[in-house]
Amino acid sequence: MTAGRLFVISAPSGAGKTTLLKRVMADVTGLVFSISHTTREPRPGERDGVDYHFVSRAEFLEMIDKELFLEYAEVHENLYGTSIDAIGAQLLDGLDVILDIDVQGAAILRAKGQPEATYIFVSPPNLTELERRLRGRGTESEETVRVRLKNAATEMNAAGAYEYLIINEVVAEAANLLSSVILAERARAHRLPSGKPISKIVINS
Ligand code: 5GP
């Protein structure tokens, strides 16, 4: 069995990434979601250990000290991080893991060069639409909305560093595109399910 592959997905807050990811997880088999740790408060309906591992700042700092994170970053005034535990076992089981992380976390992973990953950026059609979606969610205070909008412009500038760009205008179309990217990456010659490089395959005629 080959080890699973990492898909790093970033987007400004309100780009519709969570909705997209839910659709793609339902469409594509063998895909799991890495559950991050965060110091932010849970939103209504969010569950500890499902959406995030919600921890205090002190607990998070202790995890940093113990080098338990593959990457972490301060995003919108809270700490977020991917623990090594969140992905290790799943990759070894041959599952592909989705990392929903911000542009700083993605840059850290890129700089580390390991593990090999596919980088995908999800963008809203424009910043006006982003603001409309962010306010429409109704889960954030006005101050939080402002912080997230301010950060969105910076985050959009990082899109060029990603291998794929998905513009989320019509959710169904964007979800199809994202699923296609994942399937295409799986089909790449160097990642045959058998684990053999393509040059080793002999076609019997
Ligand atoms: P939210 O608070 O809306 O759930 O997430 C805010 C931002 O934090 C999003 O851009 C999300 O991708 C990012 N984020 C979530 N988990 C992680 C993580 O483990 N590491 C990093 N670097 N960013 C994360």
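1. The second largest pocket holds about 210 Å³ of space. Of its 14 lining residues, those closest to the centre are Arg40, Asn78, Glu140, Thr144 and Arg148. A pocket here is an open set of points on a 1 Å grid over the protein atoms alone, with protein on both sides within 12 Å along at least five of seven lines; lining residues have an atom within 4 Å of a point. Grid points are joined across faces, edges and corners, and the volume is the space filled by probe spheres set on them.

2. This is a predicted model: local features need pLDDT of at least 70, side-chain atom pairs count only at pLDDT 80 or more, and totals for chains, interfaces and linings use all residues. Residues are numbered from 1 along each chain as its sequence is written, and side-chain values use heavy atoms, with hydrogens and water left out.

3. H6 supplies the largest share of the lining of the second largest pocket, four residues. By type, this lining divides into two nonpolar, five polar and seven charged residues. Ala, Val, Leu, Ile, Met, Phe, Trp, Tyr, Cys and Pro count as nonpolar; Asp, Glu, Lys and Arg count as charged; the others, Gly among them, count as polar. Helices (H or I, at least four residues) and strands (E, at least two) are DSSP runs, numbered from the N terminus.

4. The largest pocket contains about 1,100 Å³ of space. It has 42 lining residues, and Lys17, Thr18, Arg43, Tyr52 and Asp100 are the closest to its centre. Helix H1 (17–27) is among the elements that each supply at least two lining residues, as are S5, strand S6 (78–83), helix H5 (127–137) and H6. H1 gives the most, six residues. The lining of the largest pocket splits into 16 nonpolar, 13 polar and 13 charged residues.

5. Aspartate 96 is in strand S7 (residues 96–100). Aspartate 96 is buried, at 4% relative accessible area. The cut-offs are under 20% for buried and over 50% for exposed, with partly exposed in between (1.4 Å probe, protein chains only). The side chains of aspartate 96 and arginine 186 are joined by a polar contact of 2.6 Å. A polar atom of the aspartate 96 side chain also lies 2.7 Å from the backbone nitrogen of arginine 5. A polar contact is a pair of N or O atoms within 3.5 Å; within protein, one must be able to donate a hydrogen and the other to accept it, and residues adjacent in sequence count only if both atoms are side-chain atoms.

6. There are seven aromatic pairs. Phenylalanine 60 and tyrosine 72 form an edge-to-face pair, 6.3 Å centre to centre with 75 degrees between the planes. Phenylalanine 60 is in helix H2 (residues 57–65) and tyrosine 72 in strand S5 (residues 69–75), so the pair ties together parts twelve residues apart in sequence. Phenylalanine 60 is buried at 0% relative accessibility, while tyrosine 72 is partly exposed at 35%. Rings of Phe, Tyr and Trp (its six-membered ring) pair if their centres lie within 6.5 Å; planes under 30 degrees apart are stacked, over 60 edge-to-face, the rest tilted.

7. Tyrosine 119 and tyrosine 162 also pair edge-to-face, at 6.4 Å and 75 degrees. Tyrosine 119 is in strand S8 (residues 117–123), and tyrosine 162 is in the loop between helix H6 (142–157) and strand S9 (164–167), 43 residues apart. Tyrosine 119 is buried at 7%, and tyrosine 162 is buried at 8%.

8. The charged end of arginine 110 sits over the ring of tyrosine 119, 4.7 Å from its centre. Arginine 110 also lies over the face of tyrosine 162, 4.8 Å from the ring centre. The criterion is NZ of Lys or CZ of Arg within 6 Å of the ring centre and within 35 degrees of the ring normal.

Note on methods
On a 1 Å grid over the protein atoms alone, a cavity is a set of points where a 1.4 Å probe fits but cannot get out, and a pocket is an open set with protein on both sides within 12 Å along at least five of seven lines; lining residues have an atom within 4 Å of a point.
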